[in-house]
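Subject: Handing over the structure we discussed

Dear colleague,

Please find the sequence and the structure below, which I am passing on to you.

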Amino acid sequence: PSAGRCSGCAIYLSAMFIHRLDDQRWLRPVEEDDAEELYQRTVANREMLAEWMPWAPDVSVQSTRDFIRSSRKQLADNEGFQAVIVQEGRIVGCIGFPRVGWVDRSCEIGYWLERDAQGHGTMTLAARALTDHALRVWDLNRVAIRAGVGNVRSRAIPERLGFTFEGVLRQVERHPDGRYVDLAVYSMLASEWPAGAGASGS
């Protein structure tokens, strides 16, 4: 691995990263066998996802497989990972690190959750777990979350976790329908993250 990266992280995450949020919900790295279920879940929630996720309108089984393969390569290259959110044995969403900057000791977290699983604190628990992993296990300095300015549910996650609102990136994301979306940016620094904040169920 390049200097400053987490040597052995890929092996650790692939073999060990199954994080229980509670008795019914957990996170695990996405696997190639998840392609069909993950595709079906995104199709069932396409209208909701397409408002904020530029990849959602054109999602297919093949694009889902491509996403999983790139995620597995990302994991193998120590560039972060993507996890599925599992509830009672069923995939209900996804959360992960779109990028990890080992030199700058920073990363970003992205996520989505199906409509029927929303409103039960699932994504708050998942985002808390990944933030804690980034700041405590990887020893990074900064975690960022970006969300559409009008995406109230998504913005509520970093706000609930105590992230600092940094501002708005104007028209930074172009969607297939031609819309330009403003993104709100939040961040958490290692010095601001409370000890024990990542404890399951806290």
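Helices (H or I, at least four residues) and strands (E, at least two) are DSSP runs, and they are numbered from the N terminus. The model is a predicted one, in which local features need pLDDT of at least 70 and side-chain atom pairs count only at pLDDT 80 or more, while totals for chains, interfaces and linings use all residues. Residues are numbered from 1 along each chain as its sequence is written, and side-chain values use heavy atoms, with hydrogens and water left out.

The sheet

Strands of a sheet pair through backbone hydrogen bonds, either parallel or antiparallel. Here eight strands make an open sheet in the order 1-2-3-4-5-6-8-7, and the pairing is mixed; two strands count as paired if DSSP finds at least two bridges between them. Strand 1 (19–20) and strand 7 (164–174) stand at the edges with a single partner strand each, so one side of each is left without a neighbour in the sheet.

Going through the pairs, strand 2 (residues 25–29) runs antiparallel to strand 3 and is joined to strand 3 by five bridges, with W26 standing opposite V86. Strand 3 (82–87) is in turn paired with strand 4 in the antiparallel sense over six bridges, and here Q82 stands opposite G96, while Q87 stands opposite R90. These two strands form a hairpin with two residues between them, in which E88 takes a positive phi near 50 degrees.

Strand 4 (90–101) also pairs with strand 5, in the antiparallel sense and over seven bridges, where C107 in strand 5 is the bridge partner of V100. This pair makes a hairpin as well, with four residues between the strands, and R105 in the turn has a positive phi of about 55 degrees. Strand 5 and strand 6, by contrast, pair in the parallel sense over four bridges, with S106 opposite R142 in strand 6.

A residue is called buried under 20% relative accessible area, exposed over 50%, and partly exposed in between (1.4 Å probe, protein chains only). Five of the six residues of strand 3 are buried, so strand 3 is largely enclosed by the rest of the structure. Strand 4 is mostly covered too, since nine of its 12 residues are buried.

The helices

In helix 2 (residues 35–44), the buried residues are A35, L38, Y39, R41 and T42. Seen down the helix axis, they fall within an arc of 165 degrees (taken from the directions from the axis to the C-beta atoms), so they line one face of helix 2. What covers them includes helix 3 (46–50), helix 4 (61–76), strand 3, strand 4 and strand 5, where contact means heavy atoms within 4.5 Å.

With a relative accessible area of 13%, Q74 is buried, and its side chain reaches the backbone oxygen of F97 at 2.6 Å. Leaving aside neighbours within four places in sequence, Q74 is in contact with residues including E79, G80, F81, P98 and R99.

Further along, helix 6 (residues 152–160) has S154, R155, A156, I157 and P158 buried, and what covers them includes strand 5, helix 5, strand 6, strand 7 and strand 8. Helix 6 is followed by G162, whose phi is positive, near 85 degrees.

The nonpolar cores

A nonpolar core is a set of buried Ala, Val, Leu, Ile, Met, Phe, Trp, Tyr and Cys residues joined through side-chain atoms within 4.5 Å. The largest has 36 residues, of which L27, I85, I95, F97, I109, M123 and W138 touch the most other members. Strand 3, strand 4, strand 5, helix 5 (122–137), strand 6 (142–148) and strand 8 (180–189) each supply at least two residues of this core, and its largest share, eight residues, comes from helix 5. Apart from this core lies another, of 15 residues, with L49, I68, I91 and W112 among them.

With best wishes

Technical notes
Polar contact = N/O pair within 3.5 Å; in protein donor to acceptor, adjacent residues only side chain to side chain.
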